[in-house]
Amino acid sequence: DVEDEETTGEVSKNLDLSTLSMLQVASKAIDISLAKELKNLLFGSTLCCFSEEWKIQSFTFNNIPQLKYGIVQKKGGPCGVLAAVQACVLQQLIFADSNRNKDTRCLQPSEVHRTKCLTMALADILWRAGGGEKAIVALPSGRQQFTPIGKYKADGILETLILHSATRYEDLIVFLQQNIHQFETGPCGCILLTVSVILSRSINLVRNDFDVLTNRLIGSHGYCTQELVNLLLTGKAVSNVFNNVIELDSGNGNITILKGITSRSDIGLLSLFEHYDVCQVGCYLKTPKYPIWLVCSESHFSVLFCLEKDLLADWKTERRFDLYYYDGLANQEEEIRLTVDTTQMCTEDKENDLTPPLEHCIRTRWQGAVIDWNGTEPVL
């Protein structure tokens with residue numbers, strides 16, 4: 001009887017939970033002082049709350065066959081978190097198994113495999129934030145852990161959290177495997193990861209990462225700041241995208257320190273702001289360890305990636321190559337594959353508004369490259 005088989009499967013799953021007692025994971029409830037510190041760090045005020053856009057967002061995958069690797073964004077706002085997680089999922093999906101020759105089949109994973117890649121991606125993000133020594137996973141308990149009083153506005157999520165800390169990477173993986181549905185199907189997986197990554201780094205270290213102590217991780221309109229994106233990608237919530245630290249003489253013998261990226265990142269970043277000479281992205285982000293980039297364009301983040309692991313190591317590969325583009329918010333219905341040709345030169349008109357912003361971003365890395373959209377409608 002098929003139904004019986006299914007129920008025994010369920011039972012054995014529950015028996016696995018007994019390994020929780022073998023896991024070295026310490027759990028404690030959040031308290032009001034920590035919740036206040038989190039709100040100040042996130043919003044700059046204890047009276048602010050997560051927006052609806054954040055509350056309904058988890059890391060739910062796309063069901064379009066060509067885009068099964070993609071995470072779907074429901075509304076604007078938390079795109080920085082989603083794009084960072086998407087990039088780390090792609091790193092697992094394409095490059096975790098280094099023996100296989102890569103073709104587009106790796107972009108059509110089974111549901112089980114893509115969930116596994118999500119688990120590994122979240123583990124890496126949290127472990128990196130914890131300096132390779134610890135990680136904290138915040139999960140909802142379904143009931144308030146403290147009574148909101150004074151200058152504190154309840155949002156129904158932070159008040160319910162239990163914080164689970166792991167000091168071994170293996171324990172973190174198993175714990176996340178057992179709770180991955182909280183992140184994947186939610187409802188508020190995006191918030192849970194954001195809180196978890198802050199606490200894994202620690203509130204004091206995140207605050208010290210900032211150029212200005214009063215900076216925050218979520219800006220106006222619920223957008224992720226660069227600090228939050230950097231925390232997810234590199235484990236440090238620094239404020240800039242250039243390499244290392246810049247010291248500015250601010251007069252009267254005072255020195256202002258601007259903090260950037262301190263080592264080569266696994267995942268990269270390309271920015272439209274660089275095309276407009278507003279910022280400079282350093283090579284630690286522009287030439288990452290894996291050929292996967294977050295694309296920052298008009299305060300929105302999306303992802304660009306290549307299936308060739310050697311793209312950044314072998315100049316011959318960089319002559320002509322394919323980049324895939326994915327935007328979880330765009331209701332994308334088909335694969336977007338761009339062919340980048342660096343052997344030809346395109347004369348770019350900086351004032352031409354008809355050039356797709358994505359092309360501007362790509363050319364901050366491959367100057368003057370000719371870009372072919374292979375028949376798909378360019379994203380403007």
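**Notes on the salt bridges, cores and cavity**

1. Asp322 and Arg337 pair up in a salt bridge, with their closest N and O atoms 3.0 Å apart. Bear in mind that this is a predicted model. Asp322 sits in strand β9 and Arg337 in strand β10 (residues 336–341), so the bridge ties together parts 15 residues apart in sequence. Asp322 is partly exposed at 25% relative accessibility, and Arg337 is partly exposed at 28%.

2. Have a look at Glu318 and Arg365 too: their side chains form a salt bridge (3.5 Å, N to O). Glu318 comes from the loop between β8 and β9 (320–326), Arg365 from the loop between α13 (357–363) and β11 (370–372), so this pair links parts 47 residues apart in sequence. Both Glu318 and Arg365 are buried.

3. Arg201 and Asp209 make another salt bridge, at 2.7 Å, N to O. Arg201 counts as buried because its relative accessibility is 13%, under the 20% cut-off. Asp209 is buried as well, at 7%. The whole structure has 12 salt bridges.

4. On to the nonpolar packing. The largest core has 96 residues, and Phe59, Val81, Val85, Phe183, Ile198, Leu294 and Phe305 touch the most other members. Helix α5 (residues 79–95) is the top contributor, with 13 residues. Beyond its sequence neighbours within four places, Ile198 contacts residues including Leu38, Leu42, Val206 and Leu231. A separate second core of 21 residues includes Leu312, Ile336, Cys361 and Trp366.

5. There is 1 cavity of 30 Å³ or more, and the largest cavity holds about 80 Å³ of space. Its lining has 14 residues, with Ile71, Leu82, Ala83, Tyr326 and Gly328 closest to the centre. That lining splits into 8 nonpolar, 5 polar and 1 charged.

Note on methods: Residues are numbered from 1 along each chain as its sequence is written. This is a predicted model: local features need pLDDT of at least 70, side-chain atom pairs count only at pLDDT 80 or more; totals for chains, interfaces and linings use all residues. Side-chain values use heavy atoms; hydrogens and water are left out. A nonpolar core is a set of buried Ala, Val, Leu, Ile, Met, Phe, Trp, Tyr and Cys residues joined through side-chain atoms within 4.5 Å. Buried means under 20% relative accessible area, exposed over 50%, partly exposed in between (1.4 Å probe, protein chains only). Helices (H or I, at least four residues) and strands (E, at least two) are DSSP runs, numbered from the N terminus. Contact means heavy atoms within 4.5 Å. On a 1 Å grid over the protein atoms alone, a cavity is a set of points where a 1.4 Å probe fits but cannot get out, and a pocket is an open set with protein on both sides within 12 Å along at least five of seven lines; lining residues have an atom within 4 Å of a point. Grid points are joined across faces, edges and corners, and a volume is the space filled by probe spheres set on the points. Ala, Val, Leu, Ile, Met, Phe, Trp, Tyr, Cys and Pro count as nonpolar, Asp, Glu, Lys and Arg as charged, and the others, Gly among them, as polar. A salt bridge is a side-chain nitrogen of Lys or Arg within 4 Å of a carboxyl oxygen of Asp or Glu.
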